[in-house]
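Dear colleague,

Please find the structure below, handed over for your own calculations. My findings follow directly after it.

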Amino acid sequence: MSARRPRRASTASVLYDAPGPRTRRRIALASGVTVVVVVAALVLALREFASHGQLDADRWAPFASWPIWSYLLVGLRGTLLAAALTAVLSAAAGVLLALGRLSRVRLVRWPATAYIEVARALPVLLLIYVTLFGLPRYGIDLPLLWKLVVPLTVANSAAFAEIFRAGILSLPRGQDEAARSLGMSGAQSMRLVVLPQAVRRVTPSVVTQLVSLLKDTSLGYVVAFTELLFRAQVLASYNRLLVQTFLVVTAMYLVVNGLLSALASRLQDASRRRTPSTPDVPLLAAEEIHA
């Protein structure tokens with residue numbers, strides 16, 4: 001038990017101020033009320049479903065057959081492929097944009113800042129429409145997969161950039177200064193000392209963004225890309241089992257996102273065991289110092 005306390009305190013100091021005793025009691029009370037409300041809502045929903053015959057065995061029987069699952073798993077494969085491509089491209093671009101926004105060179109910092117602010121302000125659906133209807137007029141007609149991945153990458157790279165920038169700014173300046181005193185260049189200090197610690201600190205935020213990214217792939221129905229939600233819509237229109245189909249798809253999303261969160265937690269724990277902890281600096285205070 002005692003080994004877990006420093007880990008929780010470290011995460012809390014990066015994301016928010018550690019709550020006091022009164023705030024913890026309020027959080028516990030609010031959590032208890034929320035659990036009661038959610039359970040009551042679930043019970044009420046199940047009663048309504050049962051009263052309308054939605055829980056009858058014959059309406060769920062089709063989902064015990066392999067062809068139905070095979071059809072949905074093809075959509076899940078498309079969802080995971082689009083999410084993986086978007087995550088890799090967005091994370092790489094996010095690191096470059098974060099470094100660009102922190103650069104002391106105005107010609108680098110200003111374009112990076114402008115891109116991040118504009119990309120964060122635009123709805124993802126608008127970016128998809130630009131890719132779907134705007135680019136073909138100029139001779140750029142991307143494959144269906146990339147009509148989804150490109151706009152998602154544009155939007156998520158800006159979000160990743162701000163997450164990584166916050167992680168870098170949360171580190172004490174002494175980390176970079178100590179690396180330089182050992183003879184490292186600025187690039188080596190950033191790559192070998194600052195970035196690994198920054199990424200480890202913002203892992204919870206990165207996981208949250210990955211979950212959001214995975215859910216955004218459901219916009220693939222706009223470009224008729226075969227992802228999970230698109231397949232669910234087609235299946236529901238075929239078998240007339242709308243509630244059952246979307247409950248099954250909801251369960252699939254929950255399982256995938258749960259596995260993603262569990263994997264991230266294990267990676268974070270492994271990273272903490274390999275790397276000694278460093279003093280924490282409140283995030284907002286660090287941003288003010290570097291502003």
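From the N terminus on, the elements of the protein chain run α-α-α-α-α-α-α-α-α-α-α-α-α, that is, 13 helices and zero strands. Helices (H or I, at least four residues) and strands (E, at least two) are DSSP runs, numbered from the N terminus.

This is a predicted model, in which local features need pLDDT of at least 70 and side-chain atom pairs count only at pLDDT 80 or more, while totals for chains, interfaces and linings use all residues. Residues are numbered from 1 along each chain as its sequence is written, and side-chain values use heavy atoms, with hydrogens and water left out.

Of the 291 residues of the protein chain, 35% count as buried (under 20% relative accessible area; exposed is over 50%, partly exposed in between; 1.4 Å probe, protein chains only). The accessible surface of the chain comes to about 17400 Å², 66% of which belongs to carbon and sulfur atoms; such areas come from the Shrake-Rupley method with a 1.4 Å probe, and for residues only the protein chains shown count as cover. Among contacts (heavy atoms within 4.5 Å) with a separation of 6 or more, 78% join residues 24 or more positions apart.

A nonpolar core is a set of buried Ala, Val, Leu, Ile, Met, Phe, Trp, Tyr and Cys residues joined through side-chain atoms within 4.5 Å. The largest one has 24 residues, of which Phe63, Leu72, Phe164, Val206, Leu228, Val249 and Met252 touch the most other members. Helices H4 (66-102), H7 (144-169), H10 (203-216), H11 (228-239) and H12 (242-274) each supply at least two residues of this core, and the largest share, six residues, comes from H4. Leaving aside its neighbours within four places in sequence, Val249 is in contact with Leu72, Leu228 and Ala232. A second, separate core of 14 residues includes Leu127, Leu145, Leu152 and Leu219.

In helix H6 (residues 124-134), Val124, Leu127, Ile128, Thr131 and Leu132 are buried. They cover an arc of only 130° around the axis, and therefore lie on the same side of H6; the arc is that of the directions from the helix axis to the C-beta atoms. What covers these buried residues includes H7.

Leu126 also lies in H6, but is partly exposed, with a relative accessible area of 40%. With Val118, Leu122 and Val130, Leu126 makes a nonpolar surface patch of about 300 Å².

Yours sincerely

Notes
Patches are made of residues with over 30% relative accessible area and no salt bridge: like charges are joined within 9 Å, nonpolar side chains (Val, Leu, Ile, Met, Phe, Trp, Tyr) within 5 Å. A salt bridge is a side-chain nitrogen of Lys or Arg within 4 Å of a carboxyl oxygen of Asp or Glu.
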